[in-house]
Amino acid sequence: MISQPSRQCTVQLQALPSRIRQVRRIVSAQLRYWQLDPLIDQAALGVTELLTNVHRHAQPDKTCTVDIKLLLDRLTVAVHDHDPRLPTVKEADPLDMCGRGLALIQAVSESWGVRPEGDAGKVIWFTLPAPSTAAPPRHRLYGAMTDGPFSLGPLTHGSFADGPVGGIPAAVGS
């Protein structure tokens, strides 16, 4: 599905380590396409941490949706999973190998939060301030791109508004 001029990218996936790496690349490519290069490191780190939490903790399944959206001067990255349990920020000991994900999100983002969705799970989100120099998309994509250079497999469905992943134009008639 392609939306009107709002800039949004949505990807559904199983939060498995190989898929997390792919989504990190998709987010980076999409932000590059939107000319938001200064936000790539923070957004990629944040989405990696949120998807890793889904992989490690979510029950009953690892299915989730990543949604990145640019509205005015804010980039919002959100991850929806089916586990209704809400996360907590923990103080990790210096030698702990894990337990710092939400603290990292808090450190690199402008704001963040959790929205319970009842039995449907929860949404964890964070925002980043977008540079005022973010240019509008260079061209529009008028067809859905469900497969391509960043294919996530049969259980994944993507919706890339205002252009293909990585700025690679879709071939007309393909």
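The model is predicted, so local features need pLDDT of at least 70 and side-chain atom pairs count only at pLDDT 80 or more, while totals for chains, interfaces and linings use all residues. Residues are numbered from 1 along each chain as its sequence is written, and side-chain values use heavy atoms, with hydrogens and water left out.

- His 80 lies in strand S3, where strands (E, at least two residues) and helices (H or I, at least four) are DSSP runs numbered from the N terminus.
- Leaving aside neighbours within four places in sequence, His 80 is in contact (heavy atoms within 4.5 Å) with Thr 63, Cys 64, Thr 65, Glu 117, Ala 120, Lys 122 and Val 123.
- The C-alpha atoms of His 80 and Gln 12 are separated by 9.3 Å, although the two residues are 68 apart along the chain.
- Ile 124 belongs to strand S5 and is buried, with a relative accessible area of 7%; buried means under 20% relative accessible area, exposed over 50%, and partly exposed in between (1.4 Å probe, protein chains only).
- Between the C-alpha atoms of Ile 124 and Val 79, which are 45 residues apart along the chain, the separation is 5.4 Å.
- Not counting residues up to four places away in sequence, Ile 124 touches Leu 50, Val 77, Ala 78, Val 79, Pro 87, Gly 113 and Val 114.
- Thr 127 also lies in strand S5, is buried with a relative accessible area of 8%, and makes a side-chain to side-chain polar contact with Ser 111 at 2.6 Å.
- A polar contact is a pair of N or O atoms within 3.5 Å; within protein, one must be able to donate a hydrogen and the other to accept it, and residues adjacent in sequence count only if both atoms are side-chain atoms.

**Salt bridges**

- The structure holds six salt bridges, each being a side-chain nitrogen of Lys or Arg within 4 Å of a carboxyl oxygen of Asp or Glu.
- One of them joins Asp 81 to Lys 122, with the closest N and O atoms 2.9 Å apart.
- Asp 81 lies in strand S3 (residues 74-81) and Lys 122 in strand S5 (residues 122-129), so this pair ties together parts that are 41 residues apart in sequence.
- Both Asp 81 and Lys 122 are buried.
- Asp 83 and Arg 85 meet through their side chains in a salt bridge of 2.6 Å, N to O; Asp 83 counts as buried at 4% relative accessibility, whereas Arg 85 is partly exposed at 49%.
- Asp 73 forms a salt bridge with Arg 74, their closest N and O atoms being 3.4 Å apart, and a network of salt bridges links Asp 73, Arg 74 and Glu 110.

**Packing of helices H2 and H3**

- Helix H2 (residues 40-57) and helix H3 (residues 101-108) pack at an angle of about 155°, with their axes 9 Å apart.
- That angle makes H2 roughly antiparallel to H3.
- The contact is made by residues of H2 including Leu 45, Gly 46 and Leu 50, and by residues of H3 including Leu 102, Leu 104 and Ile 105.
- Axes are lines fitted to C-alpha atoms, for helices over the stretch in contact, with angles running from 0 to 180 degrees between N-to-C directions; angles under 35 degrees count as roughly parallel, over 145 as roughly antiparallel, 65 to 115 as roughly perpendicular and the rest as oblique.
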